Amino acid sequence: MKESIFIWIVKIIAVTILTQTLYFKFIASPESVCIFSTLGIEPYGRIGSGIVELIASVLIVIPRTTLLGAILCLGTMVGAIMSHLTKLGIDVQNDGGTLFILAVITFSCCAILIYSNRCKILDVLKLKL
């Protein structure tokens, strides 16, 4: 099934946000280290979430695996949003809530991708590992 331009735009938005934040996680930028230190999971949480986001980004771009990538990304964004709401706060290091807004946008994009691929959910559940 051919994907619409709208779905590709949603994919591009999600993947752009995910990959843009990878740079800061993998170079151990002071802001990223501070965030994960506040959460008590520095450096493993920072690197681990970066790897998960990288995998999700690749999966989202490939039409056949978009659903899996979107599910993986959605779970990661739930963790990010909950971290902001419970420990970090919306405004982290005077960023004006930018990181929180990016997490919400990415969450929304992944929710749209999951909804648009909802017919494939049963196929994913039938997979035998």
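This is a predicted model: local features need pLDDT of at least 70, side-chain atom pairs count only at pLDDT 80 or more; totals for chains, interfaces and linings use all residues.

Biologist: Fine, at what angle do H1 and H3 pack, and how far apart are their axes?

Modeller: Helix H1, residues 5-26, packs on helix H3, residues 44-61, at an angle of about 155 degrees, and their axes are 9 Å apart. That angle makes H1 roughly antiparallel to H3, since anything over 145 degrees is counted that way, and the crossing of H1 and H3 is left-handed.

Biologist: Which residues of H1 and H3 meet?

Modeller: From H1 the contact includes Trp8, Lys11, Val15, Leu18 and Phe26, and from H3 it includes Arg46, Ile47, Glu53, Leu54 and Val61. By class, the residues of the contact of H1 with H3 divide into ten nonpolar, five polar and four charged.

Biologist: Next pair along, how do the axes of H3 and H4 cross?

Modeller: The axes of H3 and H4 cross at roughly 150 degrees and come within 7 Å, with a left-handed crossing. On the H3 side the residues are Val52, Glu53, Ile55, Ala56, Leu59 and Ile60, and they meet a set in H4 that includes Gly69, Ala70, Leu72, Cys73 and Thr76. The contact of H3 with H4 divides into ten nonpolar residues, three polar and one charged.

Biologist: And what about H4 and H5, how near do those axes come?

Modeller: The axes of helix H4, residues 66-88, and helix H5, residues 98-116, come within 8 Å and cross at roughly 150 degrees. H4 and H5 are therefore roughly antiparallel to each other, and the crossing of this pair is left-handed.

Biologist: Who is in that H4 and H5 contact, and how many residues are charged?

Modeller: Among the H4 residues are Leu67, Ile71, Leu74, Met77, Ile81 and His84, and they meet a group in H5 that includes Leu99, Phe100, Val104, Phe107 and Ile114. The contact of H4 with H5 has 19 nonpolar, three polar and no charged residues.

Biologist: Staying with H5, how far apart are its end C-alpha atoms, given the 19 residues?

Modeller: The end C-alpha atoms of H5 are 27 Å apart, which agrees with the 27 Å that its 19 residues should span at 1.5 Å a residue.

Biologist: Which H5 residues are buried?

Modeller: The buried residues in H5 include Phe100, Ala103, Thr106, Cys109, Cys110, Leu113 and Ile114. Ala111, which also has its place in H5, counts as partly exposed because its relative accessibility is 32%.

Biologist: Let me switch to the loops. Where is the cis peptide bond?

Modeller: The cis peptide bond joins Glu42 and Pro43, with omega about 0 degrees, and Pro43 lies in the loop between helix H2, residues 30-38, and H3.

Biologist: What is phi at Ala28 and at Asn94?

Modeller: Phi of Ala28 is near 60 degrees, which is a positive value in a residue other than glycine, and Ala28 lies in the loop between H1 and H2. Asn94, in the loop between H4 and H5, likewise has a positive phi, near 55 degrees, and is not a glycine either.

Biologist: Buried or exposed, those two?

Modeller: Ala28 counts as partly exposed at 33% relative accessibility, whereas Asn94 is exposed, with a relative accessible area of 74%.

Biologist: Back to the helices: what does Ser83 touch, leaving aside its neighbours within four places in sequence?

Modeller: Ser83, which lies in H4, is in contact with Leu39, Leu88 and Gly89 once those neighbours are set aside. Its relative accessibility is 17%, so Ser83 counts as buried, the cut-off being under 20%.

Biologist: And Val52, what is it in contact with beyond four places in sequence?

Modeller: Val52, a residue of H3, is in contact with Leu72 and Thr76 when its neighbours within four places are left aside, and both of those partners belong to the H4 side of the H3 and H4 contact. At 28% relative accessibility Val52 counts as partly exposed.

Key. Residues are numbered from 1 along each chain as its sequence is written. Side-chain values use heavy atoms; hydrogens and water are left out. Axes are lines fitted to C-alpha atoms, for helices over the stretch in contact, and angles run from 0 to 180 degrees between N-to-C directions. Helices (H or I, at least four residues) and strands (E, at least two) are DSSP runs, numbered from the N terminus. Angles under 35 degrees count as roughly parallel, over 145 as roughly antiparallel, 65 to 115 as roughly perpendicular and the rest as oblique. A crossing is left-handed if the near helix is turned anticlockwise from the far one by less than a right angle, and right-handed if clockwise. Contact means heavy atoms within 4.5 Å. Ala, Val, Leu, Ile, Met, Phe, Trp, Tyr, Cys and Pro count as nonpolar, Asp, Glu, Lys and Arg as charged, and the others, Gly among them, as polar. Buried means under 20% relative accessible area, exposed over 50%, partly exposed in between (1.4 Å probe, protein chains only). The expected span of a helix is 1.5 Å times one less than its number of residues.
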